[in-house]
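Here is a short briefing on salt bridges, helix packing and surface. Please read it alongside the structure.

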Amino acid sequence: MAVDDPWYDATASGWGEERAAGAPADGHPGAVPRQRVHSAAEIYLEVQRSPAFQEVRGRYRRFVFPATLAFLLWYLAYVVAATAAPGLMARPVAGVVNVAMVAGLGQFLSTFLLTWAYARHARLRRDRAALELRWDTQEMTRGVVQP
């Protein structure tokens, strides 16, 4: 059964795959075990050591670590300013809107902007390479017999 959707896991997990003619059923008492080239663990370790996997992982880390640090510093600056400088935070900006309200709304805005930036970064820099790794891994593990 061919499925064009790359996120469809039915064939990756073994469900819905048709057995080849004469192939023994897994777990059958008299079944002849298939030839094992590599175990699943060996295949996943090989993929993990591959340059393609390291590149995807590096791209992830180069975005997530600085973004997380910047967001935490921004959040902590808001909390510290609210507790250490209440006079500054109470200063009016426009009418009844003060610095604390603007900074608090800025927290929400920065959360949405960070989420958008992460999704964009993932789509443009990681998703295609990660999908190719997934397809390669599925092809490598397709014939592996689980112990």
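A salt bridge is a side-chain nitrogen of Lys or Arg within 4 Å of a carboxyl oxygen of Asp or Glu. This is a predicted model, where local features need pLDDT of at least 70, side-chain atom pairs count only at pLDDT 80 or more, and totals for chains, interfaces and linings use all residues. Residues are numbered from 1 along each chain as its sequence is written, and side-chain values use heavy atoms, with hydrogens and water left out.

**Salt bridges**
- The whole structure holds three salt bridges.
- E55 pairs with R59, with the closest N and O atoms 3.0 Å apart.
- Both residues, E55 and R59, sit in helix 3, four residues apart (helices are DSSP runs of H or I, at least four residues, numbered from the N terminus).
- E55 also bridges to R62, at 3.5 Å between the closest N and O atoms.
- R142 and E139 form a salt bridge at 3.6 Å, N to O.
- Shared partners join E55, R59 and R62 into one network.

**Exposure of the partners**
- E55 is partly exposed at 34% relative accessibility (buried is under 20% relative accessible area, exposed over 50%, partly exposed in between, with a 1.4 Å probe and protein chains only).
- R59 is partly exposed at 30%.
- R62 is exposed at 55%.

**Helix packing**
- The axes of helix 3 (residues 51-84) and helix 5 come within 10 Å and cross at roughly 175° (axes are lines fitted to C-alpha atoms over the stretch in contact, and angles run from 0 to 180 degrees between N-to-C directions).

Note on methods:
Helices (H or I, at least four residues) and strands (E, at least two) are DSSP runs, numbered from the N terminus.
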